[in-house]
Each structure stands twice: as C-alpha cells, then as structure tokens.
Amino acid sequence: MAAVCQVTGAVPGFGHNVSHSHRRTKRRFDPNVQKKTYFVPSLGRKVTLNVSAKGIKVIDARGIDKVVADLQAKGVKL
C-alpha cells in the first residue's frame with residue numbers, strides 16, 4: 001500500500017538518521033495511513049479509502065458525504 005492519504009494528500013517526508021558520531025543515513029517519515037471502509041449514504045454503498053490519522057479527523061469533522069464529493073470532483077475513482 002502506498003503511503004499516500006487520499007483525503008489530505010499526505011506523502012512521505014525524507015530526512016536522515018543521525019548517529020551518535022553524526023553519520024547520516026537516509027530515512028523516510030511515512031504518514032500514518034490506514035485502509036478504512038465507510039458507508040456513503042449519497043452513493044448507497046461502502047467506499048474503501050486509504051486515509052491518514054489526520055484524514056480520519058477531517059472525515060469526522062466535515063462528514064463522509066462532503067469528503068467523497070470533493071474526491072469525485074478531483075476525479076478520484078471510488
């Protein structure tokens with residue numbers, strides 16, 4: 001599963017692990033992406049989304065209908 005949130009668009013950040021001796025090695029900061037299934041009343045069916053923890057909060061605040069409508073306006077296939 002790709003570490004990209006469908007709601008917020010959160011993508012991995014990149015940086016370095018820094019050891020005690022200050023040697024730097026590449027690392028990746030992945031967002032907390034989870035696969036969640038929601039029932040969407042306007043569509044009359046369930047929709048599975050890859051959402052981050054912040055995306056789940058956005059859905060709770062705005063409502064699944066508005067979020068799905070915005071995704072469909074962007075052209076995301078659900």
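Let's begin with His-22, which counts as exposed because its relative accessibility is 52%. For these labels, buried means under 20% relative accessible area, exposed means over 50%, and partly exposed is in between, with a 1.4 Å probe and protein chains only. His-22 is found in the loop between S1 and strand S2, residues 24-29. Its phi is near 70 degrees, a positive value in a residue other than glycine. As a reminder, most residues other than glycine have a negative phi.

A word on what you are looking at: this is a predicted model, where local features need pLDDT of at least 70, side-chain atom pairs count only at pLDDT 80 or more, and totals for chains, interfaces and linings use all residues. Residues are numbered from 1 along each chain as its sequence is written, and side-chain values use heavy atoms, with hydrogens and water left out.

Now, from that loop into the strand that follows. Thr-25 sits in strand S2, and with a relative accessible area of 46% Thr-25 is partly exposed. Which residues does Thr-25 contact, leaving aside its neighbours within four places in sequence? They are Gly-15, His-16 and Asn-17, where contact means heavy atoms within 4.5 Å. Gly-15 is 10 residues from Thr-25 along the chain, and their C-alpha atoms are separated by 8.3 Å.

Let me step back to the overall layout. The protein has two helices and four strands, and along the sequence the pattern reads β-β-β-β-α-α. Helices here are DSSP runs of H or I with at least four residues, strands are runs of E with at least two, and both are numbered from the N terminus.

What about the overall dimensions? The radius of gyration is 16 Å, whereas a compact globule of 78 residues would have one near 12 Å. That radius is taken over C-alpha atoms, and the globule rule is 2.2 Å times the number of residues to the power 0.38. Along the principal axes, the C-alpha atoms fill a box of roughly 55 × 20 × 15 Å. Of the 78 residues, 26% count as buried. And if you take contacts between residues at least 6 apart in sequence, 36% of them join residues at least 24 apart.

On to the helices, and we can start with H1, residues 53-62. Its buried residues are Gly-55, Ile-56 and Ile-59. Seen down the axis of H1, these fall within an arc of 105 degrees, so they line one face of the helix. The arc, by the way, is that of the directions from the helix axis to the C-beta atoms. Turned away from that buried side are the exposed residues Lys-54, Lys-57, Asp-60 and Ala-61. What do the buried residues of H1 pack against? Their partners are S3, S4 and H2. After H1 comes Gly-63, with a positive phi near 100 degrees.

H2 covers residues 64-74, and its buried residues are Ile-64, Val-67, Val-68 and Leu-71. Down the axis of H2, they fall within an arc of 95 degrees, so here too the buried residues line one face of the helix. Lys-66 and Ala-73 are exposed on the face turned away from the buried side. The buried residues of H2 pack against strand S3 (33-40), strand S4 (45-52) and helix H1. Just after H2, Gly-75 takes a positive phi of about 95 degrees.

One more stop, back towards the start of the chain. Cys-5 lies in the segment before strand S1, residues 13-18. Is Cys-5 buried or exposed? Cys-5 counts as buried, because its relative accessibility is 3%. Not counting residues up to four places away in sequence, Cys-5 touches Ala-10, Val-33, Asn-50, Val-51, Ser-52 and Gly-55. Gly-55 is one of the buried residues of H1, and Ser-52 is found in strand S4. Ser-52 is buried as well, at 5% relative accessibility. Leaving aside neighbours within four places in sequence, the contacts of Ser-52 are Cys-5, Thr-8, Asn-32 and Val-33.
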